[in-house]
Amino acid sequence: MKNELLENIEKLHTTPMGVDRIRRNLELGDDVKDVVVWCRQKILDTNAAISRQGKNWYVKIDGCEITVNACSFTIITAHIVV
């Protein structure tokens, strides 16, 4: 099945505020040097559940959900899910 997010994974990026928000929401701390690379690895994981709702992609994996804008491929936010 064709997935536009995976086909454009090299375009994945975020803003400086997005980096701070993702790091804080996922409690990543300083262990993760590059938040975009971390998110890209999670999205590419074969266990990732990827869905699109409206203008956003939602990726659920390893107890977190990553939200990506479908047009710009900007990582908007990420949250821990229970």
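Some conventions before the details. The model is predicted, so local features need pLDDT of at least 70 and side-chain atom pairs count only at pLDDT 80 or more, while totals for chains, interfaces and linings use all residues. Residues are numbered from 1 along each chain as its sequence is written, and side-chain values use heavy atoms, with hydrogens and water left out.

I'll start with the sheet. Helices (H or I, at least four residues) and strands (E, at least two) are DSSP runs, numbered from the N terminus. Four strands form an open sheet in the order 1-2-3-4, with antiparallel pairing; pairing requires that DSSP finds at least two bridges between two strands. On average, neighbouring strands are turned by 20 degrees against each other, direction ignored. Axes here are lines fitted to C-alpha atoms, for helices over the stretch in contact, and angles run from 0 to 180 degrees between N-to-C directions.

Strand 1, residues 49-53, is joined to strand 2 by five bridges. Isoleucine 50 is bridged to valine 59, and glutamine 53 to asparagine 56. Two residues lie between the strands of this hairpin, and glycine 54 has a positive phi near 60 degrees.

Next, helix 3. This helix lies across strands 1, 2, 3 and 4, at about 105 degrees to strand 3. Lysine 42 is in helix 3, and its side chain makes a polar contact with that of aspartate 62 at 2.6 Å. A polar contact is a pair of N or O atoms within 3.5 Å, where within protein one must be able to donate a hydrogen and the other to accept it, and residues adjacent in sequence count only if both atoms are side-chain atoms.

Now the core. The largest nonpolar core has 23 residues: buried Ala, Val, Leu, Ile, Met, Phe, Trp, Tyr and Cys residues joined through side-chain atoms within 4.5 Å. Helix 3 gives the most to this core, five residues. Among the residues with the most contacts inside the core are Trp38 and Ile66.

Last, the cysteines. How many disulfides are there? The count is zero, taking a disulfide as a pair of cysteine sulfur atoms within 2.5 Å. The sulfur of cysteine 39 is 7.4 Å from the closest cysteine sulfur, in cysteine 64, which is too far for a bond. For cysteine 71, the nearest cysteine sulfur, that of cysteine 39, is 19 Å away. Cysteine 39 is buried at 0% relative accessibility, whereas cysteine 71 is exposed at 66%; buried means under 20% relative accessible area, exposed over 50%, partly exposed in between, with a 1.4 Å probe and protein chains only.

Methods: Contact = heavy atoms within 4.5 Å.
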